[in-house]
Amino acid sequence: MSATWYECKVKYRKIDENGVQKVVTEPYLVDAISYTEAERRINEEMAAYVSEEFKITNIKFANYSEIHPFEKADRWFKSKVALVAYDEESGKERKTNIYLLVQANDVKEAYDNTLHAMQNTMGDYTIPAIAESPIMDVFPYFSGEEGNLEALEKFNAVKASKLEIQEMEDPLDFEETVDEFVIEEDTITEE
């Protein structure tokens with residue numbers, strides 16, 4: 001299932017390793033259909049996570065094509081993957097960049113996890129960059145642990161109900177339409 005991810009920055013009080021309370025702003029990732037739903041979802045998720053007040057300071061569209069969590073990993077890495085395609089018309093190679101968010105413990109493991117995520121890819125690709133992401137946690141729409149099949153079915157039904165676009169003849173395609181029309185003179189008769 002394709003997902004739309006939003007990066008939400010949340011400001012709240014946090015106790016650090018030294019036991020000192022400080023105000024931090026941390027980014028989280030949520031799967032949502034719109035900015036409004038992303039705000040609602042991050043409010044729900046953070047209410048369960050943070051006991052005090054918090055403030056959502058920013059919500060923006062995140063350009064991740066895929067999210068790949070891995071067990072026994074605690075950090076998120078942004079992997080830039082360049083898909084290589086051969087353009088037959090120009091005879092040149094063309095690269096299209098996509099970004100994956102993979103979970104790992106270090107950069108080497110992030111590289112290995114990126115290779116694992118891309119193993120079923122049919123085309124050629126390279127991995128030009130991997131960097132640690134500031135993302136603290138990822139909240140997918142349905143992780144499978146909710147047990148709420150009714151909500152999952154409703155979501156899938158809404159997502160599947162796209163407007164069907166019917167192909168229409170191009171009214172500006174004159175070459176075809178001129179030959180189809182025959183101009184006849186109408187006669188008007190008075191009664």
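Tyr28 is buried, at 1% relative accessible area. Buried means under 20%, exposed over 50% and partly exposed in between, with a 1.4 Å probe and protein chains only. This is a predicted model: local features need pLDDT of at least 70, side-chain atom pairs count only at pLDDT 80 or more, and totals for chains, interfaces and linings use all residues. Residues are numbered from 1 along each chain as its sequence is written, and side-chain values use heavy atoms, without hydrogens and water.

## Aromatic pairs

The structure holds four aromatic pairs. Rings of Phe, Tyr and Trp (its six-membered ring) pair if their centres lie within 6.5 Å; planes under 30 degrees apart count as stacked, over 60 as edge-to-face and the rest as tilted. One of the pairs joins Tyr6 and Tyr35 edge-to-face, with 4.9 Å between centres and 65 degrees between planes. Tyr6 sits in strand E1 (residues 5–15) and Tyr35 in helix H1 (residues 35–49), so this pair ties together parts 29 residues apart in sequence. Helices (H or I, at least four residues) and strands (E, at least two) are DSSP runs, numbered from the N terminus.

Tyr6 is buried at 6% relative accessibility. Tyr35 is partly exposed at 45%. Tyr28 and Tyr49 also pair edge-to-face, at 6.1 Å centre to centre and 70 degrees between the planes. That pair links strand E2 (residues 21–31), which holds Tyr28, to helix H1, which holds Tyr49, 21 residues apart. Tyr6, Tyr35 and Phe61 form one aromatic cluster.

## Nonpolar cores

The largest nonpolar core has 13 residues. Such a core is a set of buried Ala, Val, Leu, Ile, Met, Phe, Trp, Tyr and Cys residues joined through side-chain atoms within 4.5 Å. Tyr28, Val10 and Ala38 are among the residues with the most contacts inside it. E1, E2 and H1 each supply at least two of its residues. E1 gives the largest share, four residues.

Ala38 touches Tyr6, Cys8, Val30, Ala32 and Ile59, leaving aside residues up to four places away in sequence. Contact means heavy atoms within 4.5 Å. Another core, of eleven residues, lies apart from the largest one and includes Phe70, Phe77, Val81 and Ala104.

## Around Ala129 and Lys78

Ala129 lies in strand E7 (residues 124–132). It is partly exposed, at 35% relative accessible area. Its contacts are Lys78, Ser79 and Lys80, not counting residues up to four places away in sequence. Ala129 and Lys80 are 49 residues apart in sequence, yet 5.2 Å apart in space, C-alpha to C-alpha.

Lys78 also lies over the face of Tyr99, 4.7 Å from the ring centre. A charge sits over a ring if NZ of Lys or CZ of Arg is within 6 Å of the ring centre and within 35 degrees of the ring normal.
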